[in-house]
Amino acid sequence: MNFKVKVSQIVQGDLNIQKNVKNVTKGTSFNSSEVSADPGDTVEYQILVSAVNNSVPNVFVKDALDPKLSLSGSVTLDGVIVSSSSFFSGFGVNIGTVGTGSNREIRFKAVVASRSQFTIGIFIL
């Protein structure tokens, strides 16, 4: 699970970032390491960003979507739709100031490619 975070100014504070995934089709819970999915299943990603020591202003978050996944619906930040093109390319999405003790949450869903896109075996996306 790859993603990037950019802080546009130097501050004294640390960010804690956790990316989780669940299989919506199979009804699994969020997991921070992996989830099993079959071709055509819908998976949902959740990225939680929090500040540890001090608030961190002007934070950008960017992610990469595996070529065998297709975005399904919108990318949201704390429940509000944001630009998916900015989130997956360019500089990312500016999530603003990340305060101490609070999470900023980004979510998006993706559909796993059809069976014809895979050879036999197990693939990690």
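Where is the place of glutamine 46? Glutamine 46 sits in strand 3.

## About the model

This is a predicted model, where local features need pLDDT of at least 70, side-chain atom pairs count only at pLDDT 80 or more, and totals for chains, interfaces and linings use all residues. Residues are numbered from 1 along each chain as its sequence is written, and side-chain values use heavy atoms, with hydrogens and water left out.

## Around glutamine 46

Strands here are DSSP runs (E, at least two residues), numbered from the N terminus. Glutamine 46 counts as buried because its relative accessibility is 9%; buried means under 20% relative accessible area, with a 1.4 Å probe and protein chains only.

Its side chain makes a polar contact of 2.6 Å with that of glutamate 105 (a pair of N or O atoms within 3.5 Å, one able to donate a hydrogen and the other to accept it). Setting aside neighbours within four places in sequence, glutamine 46 is in contact with residues including Gln18, Phe30 and Arg107 (heavy atoms within 4.5 Å).

Five strands form an open sheet in the order 2-3-8-5-6, with antiparallel pairing (two strands pair if DSSP finds at least two bridges between them). Strand 2 (15–23) and strand 6 (80–82) are the edges, each pairing on one side only.

Strands 5 and 8 run antiparallel and are joined by 6 bridges. Leucine 77 has isoleucine 106 in strand 8 as its bridge partner.

## The core

The largest nonpolar core has 23 residues, and Ile106 is among those with the most contacts inside it (buried Ala, Val, Leu, Ile, Met, Phe, Trp, Tyr and Cys joined through side-chain atoms within 4.5 Å). Strand 3 gives the most to this core, with 5 residues.

Note on methods. Buried < 20%, exposed > 50% of the residue type's maximum accessible area, 1.4 Å probe, protein only. Helix = DSSP H or I, 4+ residues; strand = E, 2+ residues; numbered from the N terminus.
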